[in-house]
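Q: I would like to learn how to read a protein model feature by feature. Could we work through one together?

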Amino acid sequence: MSKHARSPSSDDVLRHPTTKRAKEIDKSPPMTLLEEALTKNKGDHKPRNVLHWFRAKDLRLEDNRALHAAAQKAKEGKGYLLAMYLHSPKDLEWHGTSPARTDFIMENLRIMQDQLQKRHIPLAIVTAAERGEKAAKVMEFVQEHDISHMYANIEYEVDELRRDIKVAKLVQAEKEVSFEALHDQTVIVPGELKTGAGGPMKVFTPYHKAWLAETKSEPSLLDTVPVPEENDKKAAKEFKKLFDTKVPSLADLPDSKQFEGTKERDQIRKLWPAGNAAGMKRLGDFLQKKIGTYAEDRSNPALDPGSRLSAYFSTGVVSVREVLKKTKEFNKNKHFDAGDAGVASWVREIVFREHYRQIMVVIPHNSLNLPQNMKFDNVQWEDDPDGLQKWYDGTTGVPFIDAGMRQLNAEAYMHNRLRMNTSSYLRANLLIDYRRGERWFAEKLIDWDLSNNTQGWEPSYTVFNPVVQAEKCDPDGDYIRKWVPELKGVKGKAVFAPHARLSKVEFEKLGYPKPHVDYTESAARAKASIFADLLDQTKGIAAAETSEEHHRLGEQPGRAIKCAYDLRMDVATIEANVVEMTGADGKGREWEGVARQRLKRVWEKLRQLKKLSAREDQAIKEGEKVKQGAEELCWCCGVM
Ligand SMILES: Cc1cc2nc3c(=O)[nH]c(=O)nc-3n(C[C@H](O)[C@H](O)[C@H](O)COP(=O)(O)OP(=O)(O)OC[C@H]3O[C@@H](n4cnc5c(N)ncnc54)[C@H](O)[C@@H]3O)c2cc1C
């Protein structure tokens, strides 16, 4: 294994802007720039033809905000409502979009094209051969079809926002054309919930609380809008060319978007049927059969406890408002934090999705292949091509990890608990740059979502023990036996760690690989490397204790030093909890409680420290550093 060169890298999977550039982007967020560009775009001119521009995140007619706004605008004039989808094969390659997801997008477009055609509304497919051509292609369409008003739903990733800014600027140069981009992906507009001090909310727990309060006091946030009304029949003749455009077939797509064969394609299509009706049926089944036990079962992958709606959410095939409205009805119209415990637990996951979009807007560098916590950009990752390949193939020799990776390869989906474990294993046990894993997920998942995936992969100090995790989350080993058939016949707890728990002869008969790395050794290596910066900060406090400062303060250690020492002990406890943390539900909660309590003490001590005399500046400075480290630690582990 060799250390790989630090980014910026020539490898596309690892490439990202410099730290300086990232800071500039955060200071001047593209979302704000788009909002500014759009204010110059609103036109009070008369409507002619009105366009809705579909993106791969709003593929539905039901409760589609921008489509509805376009339909309303079209009714004000004598023109027609037109719809367009901009197909960019190079974007699909750039993002590494999986064959399963690409096909899901195309299938949904086909369904919408039929639905719209019945309403005499064309859904034209416009292809941009190059990424840089997208804005120009849109403008060509606008000019050719005498569009007066164009509508779209906002995508929150930096590249997509920049594309829209470009379009908004081009529209400004046109006479009597306007462009409006609306918020549609979430119940609460990303960036809108603020802290008490008026800053953006970056921490989940308070965000979740505020989200629940806001949706309770403002039930209209769940209001939905109707599907568009029909165009006049004459549209069929006038826009015949548009009605004739075809959604690209598999054969038209790049090589990297091809399934291995028709068997794989059919299997994926069966698992993930396209269309809003299929998504809403899935929701209905989930509410009837699974949500009631979601709180208890959600971490047990053998029970397949989730809704499997992620593919539908991430392509916008279902509307989050519509889903939550139905969920509230199921909850007897009680708010999400009252009534059924399963409902509260499930809706919390949906709030995670909303929070992650909020983060994309307020920390935009996060969608540019950089961690939110930039400290992790300094971790010295290693190159281990053999380990990486085994991780891809599900042959690492760690059953829980291999089961997860094989589920991903077979179903284009992986249970959340396995996503957490396989990502921890790649980052912490193999010490491979987490961005390689993030990319592999994009290339495989049907539900790939830049925001959820990037933030799911955000590096942290947590290292899961995949054997302990398997014993807690898959207690009977059913999930492992399903996905790792070599272990089907292994009885009892040996299935969790066959190499360690079976005799040599028994193990060799299985035809299953031995572990690629030793868990204990590799976890210790990761802790040494990943925790190094945090430990440096606690060392700072130790230095303060014995420093000249100490002597200047006299024989007795000053109160500041005592405080600093206590701080260090609190941080050490938090750290020890992180190291011990198994992440399984019961233990995880216990750990969270302790860490939270300690963190409160850290804050309190620091307040005391600050009240002390200026002579103790050094200790206060060190205390600040520790507090920051402790907060980051808790934040990374989801405690804050
Ligand atoms: C490393 C990693 C990568 C991930 N990559 C993706 C991804 O590319 N796309 C994606 O949609 N989710 C991703 N997730 C989040 C989560 O694993 C999936 O959303 C979930 O497993 C989907 O299954 P489900 O629809 O049955 O979820 P359910 O349990 O039924 O939850 C309902 C919905 O809530 C949202 N949700 C659930 N869990 C999370 C979460 N942890 N974070 C954010 N939203 C959540 C999803 O939209 C999901 O469909 C990732 C998580 C991790 C740890």
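Q: Is Arg308 buried or exposed?

A: A burial call rests on counting C-beta atoms around the residue, with 20 or more others within 10 Å as the cut-off for buried. In this predicted model, Arg308 has 20 other C-beta atoms within 10 Å, so Arg308 is buried. Arg308 sits in the loop between helix H13 (294-297) and helix H14 (310-314).

Q: Which residue in the loop between H7 and E6 should be read in the same way?

A: Glu176 lies in that loop. Glu176, although not a glycine, has a positive phi of about 55°.

Q: What does the UniProt record say about residues 49-187?

A: A record supplies a label, which can then be set beside the coordinates. The unreviewed UniProt entry annotates residues 49-187 as "domain: Photolyase/cryptochrome alpha/beta". In the model, this stretch is 47% helix and 22% strand, and its end C-alpha atoms are 29 Å apart.

Q: Which residues of helix H15 are buried, and where do they lie around the axis?

A: In H15 (residues 320-330), the buried residues are Val323, Leu324, Thr327 and Phe330. These residues lie on the same side of H15, because they cover an arc of only 110° around the axis. Their cover includes helix H12 (276-289) and helix H16 (341-362).

Q: Which residues are closest to the ligand, and which elements contribute to the shell around the ligand?

A: Here one reads the residues, and then the elements that carry them. The ligand is surrounded by 25 residues, of which the closest are Gly306, Ser307, Ser310, Asn453 and Gly456. The elements that give two or more residues to this shell are H14, H16, helix H19 (416-429) and helix H21 (450-456). H16 provides the largest share, five residues.

Q: What surrounds Phe496?

A: Phe496 is in the loop between helix H23 (478-483) and helix H24 (498-501). With 23 other C-beta atoms within 10 Å, Phe496 is buried. Leaving aside neighbours within four places in sequence, Phe496 is in contact with Pro399, Val467, Ala470, Glu471 and Gly477. Glu471 is 25 residues from Phe496 along the chain, and their C-alpha atoms are separated by 6.9 Å.

Q: What share of contacts in the protein chain join residues at least 24 apart?

A: Among contacts between residues at least 6 apart in sequence, the share is 80%. The protein chain has 31 helices and seven strands, and buried residues make up 46% of its 640 residues.

Note on methods: Residues are numbered from 1 along each chain as its sequence is written. This is a predicted model: local features need pLDDT of at least 70, side-chain atom pairs count only at pLDDT 80 or more; totals for chains, interfaces and linings use all residues. Helices (H or I, at least four residues) and strands (E, at least two) are DSSP runs, numbered from the N terminus. A residue is buried if 20 or more other C-beta atoms lie within 10 Å of its own, exposed if 12 or fewer, and partly exposed in between; C-beta atoms are placed from the backbone. Two residues are in contact if their C-beta atoms, placed from the backbone, lie within 7 Å. The arc is that of the directions from the helix axis to the C-beta atoms. UniProt positions are given in the numbering used here, feature names are shortened, and annotations may be inferred rather than shown by experiment. A residue is near a molecule or strand if its C-beta atom, placed from the backbone, lies within 6 Å of it.
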